[in-house]
Amino acid sequence: MSQHKFCAQNNKVPKILTLVFPASSVTAMRGFNSNFHHSTGFVLVGFSEWPRLEIALFLAIAIFYIMTLLGNSAIIILTHLNPKLHTPMYFFLANLSFLDLCYTTSTVPQMLVNIHSHRRNISYMGCIAQLFTFLGLGSTECVLLSVMSFDSYVAICRPLHYTVIMNSRLCQQLTAVAWMTGFSNSLVQTVLTFLLPRCGQYQIENFFCEVPAMLQLSCVDTWINEVEMYAAVVVIKVIQVGLILFSYTNIVRAVIRSQSSEGRMKVFNTCESHLLVVIMFYGSAISGYAYMAPKNSSAKLKGKLLALFYGLMAPMLNPLIYTLRNKDVK
């Protein structure tokens, strides 16, 4: 009862919010002022329920993070210094590597500190910044992967017009669209998530701040946020997967029409790396939403391991995947 009284205090909603959001959602925003000025922050539960697992995870995460930094930094440096790699493909690859560097750095250092110190806390503003950054970078990567598939489509299906179509200006514009789309989605979801009242709930069932885990803390109906979140999944993930499938369907048709077995193998080697990265990233990210509201210990662990995979493992493996079968990078 005292928690609900706490949420009822200072529940005036700024007039601008009543203009931007529907009247039905204004009630859910009554806790905005009290939430915004809450200074104690949150507790990131992480893997604290499995203390033995945490010890092994700390070592594994530290090693994987170092490999992520080294691998992605190497690709960025190589594509910048070597004139042979100044092509649209490697321009997008360098952007992907930069994204992965920032993506992992937005969560992993905080995670390692929390596991080592057993404090597990994060400030309120720190949680906002982490959610906004992580979600923005993840959304940007989804769009960028579809842009990279379009680049492969043009290179294979329109080889004679490739340099004209994929000029420097278009590459920069496509990259800018990816970044703006990703962070626009992140801004909307971050604002809507932190406007929800939590009524004293502060334990986040994950090792970083993310939207599904934050929605579980709310003491009001979150259907508006869930509808918006799944709409964002459709736009940022499902539609992008559709564009990727469209590109590769046309690539497969072009390969089938090719008479040269050497040409087919070259196309296969070119597309194999990108397809593998797409499957890893999209597969783990979309699967993570299946555990948005875990009800038992097993489901919680699966959800957290999936989040760990697309937050750390995929960015670490990307440089390896792109270099193992790439003669230019070697």
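Contact here means heavy atoms within 4.5 Å. The model shown in all views is predicted.

View 1. Asp151 lies in helix 8. With a relative accessible area of 4%, Asp151 is buried, because the cut-off for buried is under 20%. Apart from neighbours within four places in sequence, the residues in contact with Asp151 are Pro88, Met89, Phe92, Tyr162 and Met166.

**View 2. Packing of helix 6 against helix 10.** Two packed helices are described by the angle between their axes and the distance between the axes. Helix 6 covers residues 88-105 and helix 10 covers residues 168-194; their axes come within 11 Å and cross at roughly 25°. Angles under 35 degrees count as roughly parallel, and helix 6 and helix 10 are therefore roughly parallel to each other. Their crossing is right-handed. On the side of helix 6 the contact is made by Pro88, Phe91, Phe92, Asn95, Phe98 and Leu99, and on the side of helix 10 by Cys171, Gln172, Leu174, Thr175 and Trp179. Of the residues in this contact of helix 6 with helix 10, eight are nonpolar, three are polar and none is charged.

**View 3. Packing of helix 10 against helix 12.** The axes of helix 10 and helix 12 are 10 Å apart, and the two helices pack at an angle of about 170°. Angles over 145 degrees count as roughly antiparallel, and this term therefore applies to helix 10 and helix 12. Helix 10 contributes Thr181, Asn185, Val188, Gln189, Leu192 and Thr193, which meet Asn225, Glu228, Met229, Ala232 and Ile236 in helix 12. The residues of this contact of helix 10 with helix 12 comprise five nonpolar, five polar and one charged.

**View 4. Aromatic pair Tyr103 and Phe134.** A pair of aromatic rings is described by the distance of the centres and the angle of the planes. The count of aromatic pairs comes to eleven. In the pair formed by Tyr103 and Phe134, the distance is 4.6 Å centre to centre and the angle between the planes is 10°, and the pair is stacked. Tyr103 is in helix 6 and Phe134 in helix 8 (residues 124-157); the pair links distant parts of the chain, 31 residues apart. Both Tyr103 and Phe134 are buried.

**View 5. Aromatic pair Tyr153 and Phe246.** The ring centres of Tyr153 and Phe246 are 6.5 Å apart and the planes stand at 45°, so this pair is tilted. Because Tyr153 lies in helix 8 and Phe246 in helix 12 (residues 223-257), the pair ties together parts that are 93 residues apart in sequence. Tyr153 counts as buried at 14% relative accessibility, whereas Phe246, at 53%, counts as exposed.

**View 6. Aromatic cluster containing Trp179.** One aromatic cluster is formed by Phe98, Phe132, Trp179 and Phe183. Phe98 of helix 6 and Trp179 of helix 10 are also among the residues that make the contact between these helices.

**View 7. Arg253 in helix 12 and Cys157.** Arg253 has its place in helix 12 and counts as partly exposed, at 49% relative accessibility. Arg253 and Cys157 are 96 residues apart along the chain, and their C-alpha atoms are separated by 9.0 Å.

**View 8. The whole chain, for orientation.** The chain contains 14 helices and three strands. Of its 330 residues, 48% count as buried. Among contacts with a separation of 6 or more, 79% are between residues 24 or more positions apart.

How values were computed: Residues numbered from 1 in each chain as written. Predicted model: local features only at pLDDT ≥ 70, side-chain atom pairs only at ≥ 80, totals over all residues. Heavy atoms only, no water. Axes fitted to C-alpha atoms, helices over the stretch in contact; angles between N-to-C directions. Helix = DSSP H or I, 4+ residues; strand = E, 2+ residues; numbered from the N terminus. Parallel < 35°, antiparallel > 145°, perpendicular 65-115°, else oblique. Left-handed = near helix turned anticlockwise from the far one by under 90°. Nonpolar A, V, L, I, M, F, W, Y, C, P; charged D, E, K, R; others polar. Phe/Tyr/Trp six-rings, centres within 6.5 Å; stacked < 30°, edge-to-face > 60°. Buried < 20%, exposed > 50% of the residue type's maximum accessible area, 1.4 Å probe, protein only.
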